[in-house]
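Student: I've got a new model on my screen and would like to learn how to read its aromatic rings. Can you walk me through it?

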Amino acid sequence: MKTFLSAFTFLLFISASFGQKKRQPVTSAATDDSLLLTTTKYRLVGPFRGGRSGGVAGDYKDKNTFYFASTGGGVWKTQDGGSNWKNMSDKFFSGSIGSVAVAPSNSSIIYAGEGETTLRGNVSEGHGMWRSDDGGRNWKHIGLDNSRHIMRIVISPNNPDIVWVAALGHLFGPSADRGIYKTMDGGKNWKRTLFSDDQSGGADLVMEPGNPSVFYASTWTVLRTPYSLESGGKGSALWKSTDGGETWKKLNDKKGFPGKTTIGNIGIAVSPANPERVFALVESEKGGLLRSDDGGETWTVISTDANIRQRAWYFSKIYCDPKNADGIYALNVNMYRSTDGGKTFKEINTPHGDHHDLWIDPENRERMIVADDGGAQISFDAGANWSTYENQPTAQFYRVSTDNNFPYRLLAAQQDNSTVRILSRTEGNQIDQSSWTPTAGFESGYVVADPANPDIVYGGNYGGFISRFNHKTGENRAVSVWPVYDLGNGADISKYRFQWNFPIFFSPHNPKKLYAGGNVLFATENEGATWKALSGDLTTNDKSRQKSSGGPITQDNTGVEVYCTIFTAMESPLEENLLWTGSDDGLINVSKDGGAHWDNVTPPAADKWMMWNCVEADPFRKGTAYFVGTKYKLDDYTPYIFATNDYGKNWKKITNGIAATHFTRCLRADKKVPGLLYCGTEYGMYISYDYGDNWKPFQLNLPIVPITDLATKNNDLVVATQGRAFWILDDLSVVQNMNKNFSATDLYIYPIEDAWRMDGSQNLNVKNAGINPPNGIVVNYFLKDFMDSALLKIFVLDKNKKVVSSFSTKPSGDTAKLEAAKGMNQFVWNMNYAPAAKIDGMILWNGPVPGPKAIPGTYFIRIVKDSKDSVEAEAHIKSNPNFKETQQEYEDQFNFLITVRDKFS
């Protein structure tokens, strides 16, 4: 998150005595390579706008090659100075990356550490270290599984197998795996050389430039709970080693260092121009930017400028100019540079705010890369100009909804940015920047469109803020339930408690009824002009968990730690006025009468303090609901899903088949097939065909990334991620028919989804833009047996069974070429009739005469194998809802155009 002002302006895990056990890559919900799903793929929608990054590195030799670590989206590489980025970690390890480093002596060797270093409330932890010996094309896991957050990686300048790592450890509980680690053999074995205590991990680590004998490190006492962030304690310290990180000496008691007060986070930098000059940015009541000119023996407070000290847990990063001993960079909400040894700082203009890491070429101080809440950007002129962050599909989304526009749009709030309203498909060949716009709300809230008018959008944000935005007029109106903004205070002073990500949703029965959940459920039927409370407090209302967050040094209250709130809620699509709520402190409540009466129906097996993250009412069975819970903020990675069939009187835990550490985030029910459920976890997708009794991986081609929310629309599955933007699985017909028994037949056509008569095409080679679905009638079919010598034909027939187009694996004449193989196949008819006939050597100034586009109506797809086996399926083309033509007008136009084509032929 930016500051208050900027946000509003911007409208397995065990280590064996430090000798690590080998393990398989965290492929999470590993790809299900079932033969029947080979044509079923997720499609990247975008937007291409960078999400938060916490680590960057540059190639020491190739001046256009850089890397960045995305907090949810993996490791990315550019070889053209930031014009284009490519993900290098897909299929190897999970999305949350904290650090990345390039070996100075061999640029082909890359190290990456999992677990983000920006310890936000929606933080994702990781599982150790990875190494690549070929510039990121392939990776192998090299241990430190239980480190959770790799804060810094330092590689020896002379030997790429000697590496030091700062491991923070568990963020949500005590951990014995914290500290500074060292390997001498490229990660085959690790030795911990510094340990402060089980609540204080390695926060920063720097080597004296060019001298692998001298190191400085900081340890940090930090703890997150669902309702607080605590930074500072007895384990926070500054350390120095003069024997290559083998042994360490604490510097807290050195002259001038504020060691007598409580210390929190510490950032460190050593000047390459003068190795005796050491800087430390210390979180402390008497802290600030400290400088030592004698290798840490004595210290002087150089600056207490609040611009470089605010939100110390989120920033506290400093870096030295490699050629100027008085040059220092400080990263915070803004990026700053000092040229007088840290006494004064001037702001550097950057493309995005909230800066977390900086890499400067030691031989060319003009060449650098910065990590911030918009991804990574590169400069070749010391920050005067930067590359763009609008070419990185690493957005973090909290929730997703869809509207009733055509084509439908996806709506959500992007962490550290604006909200987004983006088309699911376009009439061009890509989904680019022109396809999306900011909308109502801000970075953290739910975003929902009026069911009757998709240009009216409601969006939330921290502090209980709700806005109503009219895209036609540009009017943006505040319609908050309780218009008192308590940002900066604890939840204990608020009349109503609204979480950072509080639910906002429309009634499926009354399009004028909008709900919002604080600790009380509210509703409005006049566009937010007035709100009505539909309940009392539906949480535990535990006052001990509603205090101001932060300390013992600095308070930090932005809405993330507001606790005892409704975290998920919905009205049943089957039963009007049947309301479900789940709180972040463990309670499930149900009302059958629109909120007049409520019953606490919390599953006893859920125990206390479950964060109910998602509720889904079954679309086919009354009284049936699924609640998805998490306890990762209690240091528990167990997946939790509970189902009830009797309005909450009885519950059943339904997580069989989901990996033990893949904690669950969301669940949606299929709208066509009873019992078919989709589940998003911290490490990917799962699917169930039996109401959740059994689950299977459903990752397919989706990157390994936290799945924050799901939605179904027009028989598509929409996926929101924490670090890889939006994805869509188009046309669920194959998935919905996976259990059909057609083993006795040699040829089978799956039900064909309706096609829309619209422009648009699919370009799979597009760069820095989302991908459209295939445009036309999409036919998925199965061939039990098919040899290369076999003959397969596909005929497109009109409503009168007259052949419109024909395709063949052995084409001749007007028959087009068809590709087919044993197993699953997909054929797309682009809805165009064959063009006019051509003769050899014909040159037309205006180009060839195309065939007309098929009119809305019924068509048939006939597939014939070896001239004997034949199957046929019905297909439909629908008219574009944005056009007003009648069916007769479509037919008249078609009849004219087909006459023109035939006459030309």
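Predicted model: local features only at pLDDT ≥ 70, side-chain atom pairs only at ≥ 80, totals over all residues.

Student: Now rings against rings. How many aromatic pairs are there?

Tutor: The count is 39 aromatic pairs. To sort a pair, look at the angle between the planes: over 60 degrees counts as edge-to-face. Take Tyr398 and Trp500: their planes sit at 65 degrees, with centres 6.5 Å apart, so this pair is edge-to-face.

Student: Which parts of the chain does that pair tie together?

Tutor: Tyr398 is in the loop between strands E29 and E30, and Trp500 is in the loop between strands E37 and E38, so the pair joins parts 102 residues apart in sequence.

Student: Are Tyr398 and Trp500 buried or exposed?

Tutor: Both are buried. Now compare Trp482 and Tyr496, an edge-to-face pair at 5.6 Å between centres and 80 degrees between planes. Both of these residues lie in the loop between E37 and E38, 14 residues apart. Buried means under 20% relative accessible area; Trp482 has 35%, so Trp482 counts as partly exposed, and Tyr496, with 22%, is partly exposed as well.

Student: Which aromatic cluster do Trp482 and Tyr496 belong to?

Tutor: One that also takes in Phe498, Phe502 and Phe522.

Student: And what about the largest nonpolar core?

Tutor: That core has 58 residues, and Tyr42 is among those with the most contacts inside it. Beyond its sequence neighbours, Tyr42 touches residues including Met685, Phe698 and Trp727.

Definitions and conventions. Residues numbered from 1 in each chain as written. Heavy atoms only, no water. Core = buried A, V, L, I, M, F, W, Y, C linked by side-chain atoms within 4.5 Å. Buried < 20%, exposed > 50% of the residue type's maximum accessible area, 1.4 Å probe, protein only. Contact = heavy atoms within 4.5 Å. Phe/Tyr/Trp six-rings, centres within 6.5 Å; stacked < 30°, edge-to-face > 60°. Helix = DSSP H or I, 4+ residues; strand = E, 2+ residues; numbered from the N terminus. Lists of a residue's contacts leave out its neighbours within four places in sequence.
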